[in-house]
Amino acid sequence: MTYRYPNGKIYTPEKKEMAAAKKSNPIYSNRGMTLEEDLNETNQYYLNRGIAVIHKKPTPVQIVNVDYPRRSAAVIKEAYFKQSSTTDYNGIYKGRYLDFEAKETKNTSSFPLQNFHGHQINHMKQILDQDGICFVILSAFSGIFLMPAPYLIEYWERKEDGGRKSIKRSEVEEHSVRIPLGYQPRIDYIKVLESLYF
């Protein structure tokens with residue numbers, strides 16, 4: 001199957017990426033990979049196999065100052081965020097719009113809500129209002145969890161009303177589904193979505 005970018009160019013995965021994926025060691029602990037890298041690789045796996053089309057959203061930046069020491073080596077010296085970003089990832093699976101945020105913590109007893117921002121919560125509410133599927137993937141407590149957005153919104157509103165400023169570990173475990181780590185895909189969150197929404 002051929003995939004095309006919006007401008008009509010044909011998408012071709014880089015051979016280096018595919019070769020590196022084949023040579024990867026299937027030991028899952030302490031791989032030195034971040035949550036974002038694992039999700040990007042998982043999304044590439046979904047795309048290559050026609051399972052889902054999910055991409056990391058680019059952060060909108062305004063470049064202010066660029067240094068051109070050589071024609072082939074421009075260096076950005078100063079840039080600013082144009083606007084607050086919404087969530088990290090969006091795409092489509094089985095005709096349904098997906099939108100999600102990915103966050104990590106090293107805290108062992110709770111997940112700090114300061115990792116989220118009010119504009120992200122508002123964005124999630126808007127997605128839910130349009131019948132999209134919205135969730136967060138949390139790397140915490142030696143595991144990866146998928147929490148549907150309504151629970152996160154509930155905890156956020158509790159904080160805004162003067163309550164806890166974090167989600168207790170027991171709450172994460174109660175209102176989330178643990179995503180098992182694998183080789184390909186690394187973080188198979190689509191399998192969890194299947195059990196929750198399809």
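Which residues form one aromatic cluster? In this predicted model, in which local features need pLDDT of at least 70, side-chain atom pairs count only at pLDDT 80 or more, and totals for chains, interfaces and linings use all residues, the cluster is formed by Y45, Y46, Y89, F100, F135 and Y189. Residues are numbered from 1 along each chain as its sequence is written, and side-chain values use heavy atoms, with hydrogens and water left out.

A search of the whole structure finds nine aromatic pairs, where rings of Phe, Tyr and Trp (its six-membered ring) pair if their centres lie within 6.5 Å, and where planes under 30 degrees apart count as stacked, over 60 as edge-to-face and the rest as tilted. One of these pairs, F100 with Y189, is tilted, with 5.1 Å from centre to centre and 55° between the planes. Because F100 belongs to strand β5 and Y189 to helix α6, this pair ties together parts that are 89 residues apart in sequence; helices (H or I, at least four residues) and strands (E, at least two) are DSSP runs, numbered from the N terminus. F100 has a relative accessibility of 0% and therefore counts as buried, a term that stands for under 20% relative accessible area, with exposed meaning over 50% and partly exposed in between (1.4 Å probe, protein chains only). Y189, with a relative accessible area of 0%, is likewise buried. A tilted pair is also formed by F135 and Y189, at 6.1 Å centre to centre and 45° between the planes, and it links strand β7, which holds F135, to helix α6, which holds Y189, across 54 residues.

Beyond its neighbours within four places in sequence, I137 is in contact (heavy atoms within 4.5 Å) with residues including L35, L39, F100, I144, I179 and Y189.

In α3, the residues Q120, I121, H123, M124 and I127 are buried. Seen down the axis of α3, these buried residues fall within an arc of 160°, so they line one face of the helix, the arc being that of the directions from the helix axis to the C-beta atoms. Their cover includes β5 (96-104), β7 (133-140) and α4 (149-160), whereas the face of α3 turned away from its buried side carries the exposed residues Q126 and D129.

The structure holds 13 salt bridges, each defined as a side-chain nitrogen of Lys or Arg within 4 Å of a carboxyl oxygen of Asp or Glu. In one of them, E36 meets K56, with the closest N and O atoms 3.9 Å apart, and this pair links helix α2 (residues 35-48) to strand β1 (residues 53-56), E36 and K56 being 20 residues apart. Together with D88, E36 and K56 are linked in a network of salt bridges. R158 and E171 also meet through their side chains in a salt bridge (2.7 Å, N to O).
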